[in-house]
Amino acid sequence: MTRITSVALRRVLDSRGNPTVEADVLTESGGFGRAAAPSGASTGEYEAIELPPTEAIAAARRHAVPRLVDEVHAGNQREVDATLRAADGSENFSEIGANSAVAISMAAAKAGSDVLGAPLYQHLGGAFRGDNFPTPLGNVIGGGEHAKEATNIQEFLAAPVGAPSVSEAVFANAKVHARASEILDERGVPAAKGDEGAWAPPVSDAEAFEIMGEAVSDVEDELGFEIGFGLDIAASEMFEDGVYHYGDETKTTDEQIDYVAEMVDEYDLVYVEDPLDENDYEGFAELTERVGDRTLICGDDLFVTNVDRLQDGIDVGAANSILIKPNQIGTLTDAFDAVELASRNGMDAVISHRSGETEDATIAHLAVATDAPFIKTGTVQGERTAKLNELIRIADDAV
Ligand SMILES: O=C(O)[C@@H](CO)OP(=O)(O)O
Ligand SMILES: [Mg+2]
């Protein structure tokens, strides 16, 4: 029933206006799945390779499509993804591109779920998936690689941990985003938006902490449930010549660890992603030892959704959570393997979008399927609301 009968690939636009790969998968009983690859700006050094879309499409048509069509079942995700790996033949999808691979992998999952008549989160999560819903981490203020002339820290993320439902959490983040805009106005600070729709004001990180703290506590008072906040420091992007660069100032590794630990305590941060460089397992371990009992220390560029890098981290106690981005590794199977390894070792897996996105909402299903505590997928803008609105629909459907 789910035997693949065709795989079509094309270039479509992403949210930055760049081309990306979209895949359509059809099965013999008429099942259909469509998915598109996202794309990062602050990419980790160890991510799978994203090829220029035209090249990725040509290579996938040559090597992967003939092995999939009439041979593989879309309902068998491991078979689909093993075929993509075999067709590519490299460690990091440098032959067909992780962009082609992830688009086909996700489109096949959707085609499989279409035939089986189960929603995607149910198809991927199975009958024994948990019944929790992820708290959306909403990007409210940011800079780094996502906006020029803004904060050094890449993302200040609202985290409505006390929200009674997904839908209330989603709307709470939108309110924090709106409140932050009012506070910026009151302070006379003009603010454009960065790639993910967060405000990108020309303020210091210290001022951004203040604004975020105020916005979060105002909305918390209004709505009556707990809203915390967190960060994606994306520290690899700041790390050069052995120190962290904050504009003209620098911090040594020890100073960076002290700074992050202080901020965790001062602002009760619930989540800190990539506080140190992607090669600094030791620094991650030291920070996790210091504050890991009260916040999530999450590895994004550190782990790149890769089980080998995650195992290295587990061995030394670096981080207590991992960010999962399917396109960092190339297939849904690889992403699920990383989630499983994390959870066997008592770590949380947080599902994430990329700064370059499309209307594809697969990650909303992935977060529910894997029982993730958080999903990071922005706050406003169509390519972000596509995931948030899908989450609301899933919550409606699942009750
Ligand atoms: O660093 C990150 O976590 C992501 C998403 O917010 O950014 P990018 O996709 O640019 O790597
Ligand atoms: Mg990150």
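Tutor: The discussion below takes up pockets, the ligand and cavities in turn.

Tutor: This is a predicted model, in which local features need pLDDT of at least 70 and side-chain atom pairs count only at pLDDT 80 or more, while totals for chains, interfaces and linings use all residues. Residues are numbered from 1 along each chain as its sequence is written, chains are lettered from A and ligands numbered from 1 in the order in which they are written, and side-chain values use heavy atoms, with hydrogens and water left out.

Student: Why does the largest pocket lie between domain 1 and domain 2?

Tutor: Both domain 1 (4-117) and domain 2 (135-398) give residues to its lining, so the pocket lies between them; the bounds come from an automatic or database domain assignment. Helices α10 (307-316), α11 (326-329) and α12 (332-344) each supply at least two lining residues, a helix being a DSSP run (H or I) of at least four residues, numbered from the N terminus.

Student: How many residues of each class are in the lining of the largest pocket?

Tutor: Ala, Val, Leu, Ile, Met, Phe, Trp, Tyr, Cys and Pro count as nonpolar, Asp, Glu, Lys and Arg as charged, and the others, Gly among them, as polar. The lining of the largest pocket has four nonpolar, five polar and five charged residues.

Student: Which residues are the closest to ligand 1?

Tutor: A residue is near a molecule if one of its heavy atoms lies within 4 Å of it. Ligand 1 is surrounded by 16 residues, the closest being A41, E155, E196, S355 and K376. A polar contact is a pair of N or O atoms within 3.5 Å. Oxygen atoms of ligand 1 lie 2.6 Å from a polar side-chain atom of S355, 2.7 Å from one of K376 and 2.9 Å from a side-chain N or O atom of E273. Taken alone, ligand 1 exposes 310 Å², of which the protein buries 100%; such areas come from the Shrake-Rupley method with a 1.4 Å probe.

Student: How many cavities of 30 Å³ or more are counted?

Tutor: The count comes to three cavities of 30 Å³ or more. The largest cavity has a volume of about 100 Å³, and among its 16 lining residues P38, M106, E357, D360 and I363 lie nearest its centre. The second largest cavity holds about 70 Å³ of space. Of its 16 lining residues, S42, H146, E196, K325 and S355 are the closest to its centre, and by class the lining has one nonpolar, seven polar and eight charged residues.

Conventions
Polar contact = N/O pair within 3.5 Å; in protein donor to acceptor, adjacent residues only side chain to side chain. 1 Å grid on protein atoms, 1.4 Å probe; cavity = no way out; pocket = protein on both sides within 12 Å on 5 of 7 lines; lining within 4 Å. Points joined across faces, edges and corners; volume = space filled by probe spheres on them.
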